[in-house]
Amino acid sequence: MVDLPDRQSAFIDWYLAVVEAAELTDKRYGVKGLNVWTPYGFLARRNLDAVMVREIEATGSKPVEFPTLIPANEFAKEKEHIKGFDAEVYWVTKGGVSDLDVPLVLRPTSETAIYPVFAIWVRSHKDLPLNVYQIVNVFRYETKTTRPFLRIREIHFFEEHTCQATEDDATARVRSNLEAFRRMAEAFVLPYVATRRPDWDKFPGAFYSIAFDTPIGGARTLQIGSVHHYRENFAGPYGIQYEAPDGSQRLVHQTTFGLSERLLGAIIAVHGDSKGVVFPSSIAPYEVVIVPIPHAEAGPAILRAAEEVDEALRRAGRRVHLDAREDRPGAKYYYWELRGVPLRLEIGRRESESRTATAVDRLGHRGRVSFDTAGADVTERLREFDRALAERAMAGFRDAFSVAQALSELAGSDHVRILSWCGREECGHQVENAIAGALLGVPEDGLPWEAGAPGPCVACGETQGVRWALAGRPI
RNA sequence: GGGACUGUGGGGUAGCUUGGUCCAUCCUUCGGGGUUCGGGACUCCGAGACGCCAGUUCAAAUCUGGCCAGUCCCA
């Protein structure tokens, strides 16, 4: 019997309660920002990773894994980068009882671990492009309040690192990553907006950064991924160069693409409701749960029927769980709704006799699944569920944005704001002060909805070179 | 970096102001038995906690100090 806080009025309390109640994480480890991956949460994470792997490998990226520890001298090579991460790295300074000659950094991200090796791997233009990714844990000494999946100190991190021959090639790789993320987000059923971050908020060492944000719990935004164009900024310090066809030595242009289990947090936050988690079928640890409904005389036949459907779905490749516990059916319904299972099949006396299970999806839509065509029927119902979930999420997404005509409209806003910005840093900071948040940047592929032409800059009134930008309060 | 606050079974809590009535309350959870089972069952029996270390005191969940863990606010 779990009573969740109200999602509307106490969003973050709802979120914290739901991730614990649904047994997605255990935060009782005793060290701030380090949480335990429980079996159910781990299964969800594995499905998340599978989508990322599938989509990035479809673009020709190959898996690698670099060491966790980075020598201090390599870490310090790119000046902006070290400055950006200085305050949040963990240091390893001892080996056993002796001090290390060269202190080691626990990677907060892996540029500085990977690039010295890239300098060895890349010799010729024929080695390019070099597109590799890894899914590893990175560490950041977060000083703010930590929250499961959203802000943590040991991060489950997807990072692609690439080397391209030219700036244009790198720009093309950025576009390719944006497209790959679009396909991932489709699988996660996550609406988002991609913006080019203002210069003062780009990744340390980047030429520019494009980040993906999704609105959460009303006025807040959650960054769920980013793609960076480094130009030659890292290639120079790390000496990553190649011999061009004309015999000249040239620096590579690099890009990176980063994602994390924040996506899991976003999925929970965006889709969840008063009953708990709602997983899209791609991420759900179990896509289908079968609940037998006991009956005094028909009991054994009902259980046999449930096992038959369980087996059929398993053979059809579905992630299915038969819940044969002694509890009452109603208790099981609540239990699995809390845990976000997309589809529930009820099998009692009626279903057993008609060889047709009652199907109820997590959004409450009812239907039927024939024992004899269970695989195809369930596939169809899950597709329909994902479609309905996407519709619901998209409606919430559109409602989360509104246009602000003036700085004075930003304070206390309960929306992510769309506003006109001349592009000057001074004006950007005025916007950030007014909204007590961040100027997310200029949308890369259009606004969440059509807003016509921008007006004068909300800060200075300038009318030349003004563009739509988004501002919000990052969670 | 500065400030405020909190810590009681697995989870949530009462008790703390004014030390003794507390081998610590209630809900939930967990183990076992029985009756049940189409939306959170009932019942019987049982299990489980004062963050850690010192101090004050005849007596500490309660007061004091340090530590650890966590939360919030400000820069």
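**Entry: L69**

I began with L69, which sits in strand β4, residues 69–71. The model is a predicted one, and I read each entry with that in mind. L69 has a relative accessibility of 37%, so I put it down as partly exposed. I then listed its contacts, leaving out neighbours within four places in sequence: V92, L104, V105 and L106. I also looked up the pair L69 and R107, whose C-alpha atoms are 6.0 Å apart although 38 residues separate them in sequence.

**Entry: K332**

Is K332 buried or exposed? I found this lysine in helix α10, which spans residues 329–338. Its relative accessible area is 2%, so K332 is buried; the cut-off for that class is under 20%. Not counting residues up to four places away in sequence, K332 touches V291 and P292, and also D323, A324, R325 and D327.

**Entry: the largest nonpolar core**

Next I looked at the largest nonpolar core, which has 56 residues. Which of its residues touch the most other members? I noted four phenylalanines: F181, F188, F257 and F279. The helices that give two or more residues to this core are α1 (11–21), α2, α6 (167–188), α8 and α10. The strands that do so are β10 (208–216), β11 (220–231) and β14 (253–260). The most comes from α6, with eight residues. As a general point, nonpolar side chains in soluble globular proteins tend to be buried together.

**Entry: α2 against α8**

I took up two of the helices listed for the core, α2 and α8. Helix α2 covers residues 39–57 and helix α8 residues 262–271; their axes come within 10 Å and cross at roughly 110°. I therefore logged α2 as roughly perpendicular to α8, since the range for that label is 65 to 115 degrees. From α2, the residues G41, A44, R45, L48 and M52 meet L263, L264 and I267 of α8. Sorted by class, this contact holds six nonpolar residues, one polar and one charged.

**Entry: helix α13**

How are the buried residues of α13 placed around its axis? In this helix, residues 425–435, I listed C427, G428, V431, E432 and I435 as buried. Viewed down the axis of α13, they fall within an arc of 145°, so they line one face of the helix. The general rule is that an α-helix has 3.6 residues a turn, so residues three or four places apart point the same way. Just after the helix, A436 has a positive phi of about 55°.

**Entry: backbone checks**

I then went through some backbone angles. Two further residues other than glycine went into the notebook for positive phi: E23, near 55°, and R231, at about 50°. E23 is in the loop between α1 and β1 (25–26), and its relative accessibility of 41% makes it partly exposed. R231 belongs to strand β11; with a relative accessible area of 32%, R231 is partly exposed.

Where is the cis peptide bond I noted? It runs from L128 to P129, and its omega is near -5°. P129 lies in the loop between α5 (111–121) and β7 (130–139).

Note on methods:
Residues are numbered from 1 along each chain as its sequence is written. Chains are lettered from A and ligands numbered from 1 in the order in which they are written. This is a predicted model: local features need pLDDT of at least 70, side-chain atom pairs count only at pLDDT 80 or more; totals for chains, interfaces and linings use all residues. Side-chain values use heavy atoms; hydrogens and water are left out. Buried means under 20% relative accessible area, exposed over 50%, partly exposed in between (1.4 Å probe, protein chains only). Helices (H or I, at least four residues) and strands (E, at least two) are DSSP runs, numbered from the N terminus. The arc is that of the directions from the helix axis to the C-beta atoms. Axes are lines fitted to C-alpha atoms, for helices over the stretch in contact, and angles run from 0 to 180 degrees between N-to-C directions. Angles under 35 degrees count as roughly parallel, over 145 as roughly antiparallel, 65 to 115 as roughly perpendicular and the rest as oblique. Contact means heavy atoms within 4.5 Å. Ala, Val, Leu, Ile, Met, Phe, Trp, Tyr, Cys and Pro count as nonpolar, Asp, Glu, Lys and Arg as charged, and the others, Gly among them, as polar. A nonpolar core is a set of buried Ala, Val, Leu, Ile, Met, Phe, Trp, Tyr and Cys residues joined through side-chain atoms within 4.5 Å.
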